[in-house]
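Please open the structure in your viewer and keep the selection tool at hand.

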Amino acid sequence: TGKRYQNHEAEGSDVYLFARLRNDERSFWFCGSAKYVSHEGEKPMAIKWKLNVKLPGDLYSEFAAAVA
């Protein structure tokens, strides 16, 4: 699965990111399509993505506050 994410552009597939502000929420925000940037570790693998379109300012502020 990790290799599929790393090579998604070369293989012609798209990645769409969904996120939630808190673990106890059931609903997710659709963040849009993204491209693989890098990763750290394995099992679990932490992946850094770059969104193709920036998040709206208000949503960005909410997510920034959630991880601060």
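In which strand is the place of Phe-18? This model is predicted, and it places Phe-18 in strand E1, which covers residues 15-19. Phe-18 is exposed, with a relative accessible area of 53%.

Next, turn to the charged side chains. Side chains of opposite charge can pair when their charged atoms come close. The structure holds three salt bridges.

Select Glu-9 and Lys-35, whose side chains meet in a salt bridge at 3.8 Å, N to O. Glu-9 lies in the loop between helix H1 (2-6) and E1, and Lys-35 lies in strand E2, so the pair ties together parts that are 26 residues apart in sequence. Glu-9 is partly exposed at 48% relative accessibility, and Lys-35 is partly exposed at 38%.

Now select Arg-22, which is partly exposed with a relative accessible area of 49%. Its side chain forms a salt bridge with Asp-24 (3.5 Å, N to O) and another with Glu-25 (3.1 Å, N to O). Through these shared partners, Arg-22, Asp-24 and Glu-25 are joined into one network. Asp-24 is exposed at 63% relative accessibility, whereas Glu-25 is buried at 18%.

Finally, select Lys-43 and Pro-44. A cis peptide bond joins these residues, with omega about 5°. Pro-44 lies in the loop between strand E2 (29-40) and strand E3 (46-51), and Lys-43 lies in the loop between E2 and E3. Lys-43 has a positive phi of about 50° although it is not a glycine. Lys-43 is exposed, with a relative accessible area of 81%.

Technical notes:
Residues are numbered from 1 along each chain as its sequence is written. This is a predicted model: local features need pLDDT of at least 70, side-chain atom pairs count only at pLDDT 80 or more; totals for chains, interfaces and linings use all residues. Side-chain values use heavy atoms; hydrogens and water are left out. Helices (H or I, at least four residues) and strands (E, at least two) are DSSP runs, numbered from the N terminus. Buried means under 20% relative accessible area, exposed over 50%, partly exposed in between (1.4 Å probe, protein chains only). A salt bridge is a side-chain nitrogen of Lys or Arg within 4 Å of a carboxyl oxygen of Asp or Glu.
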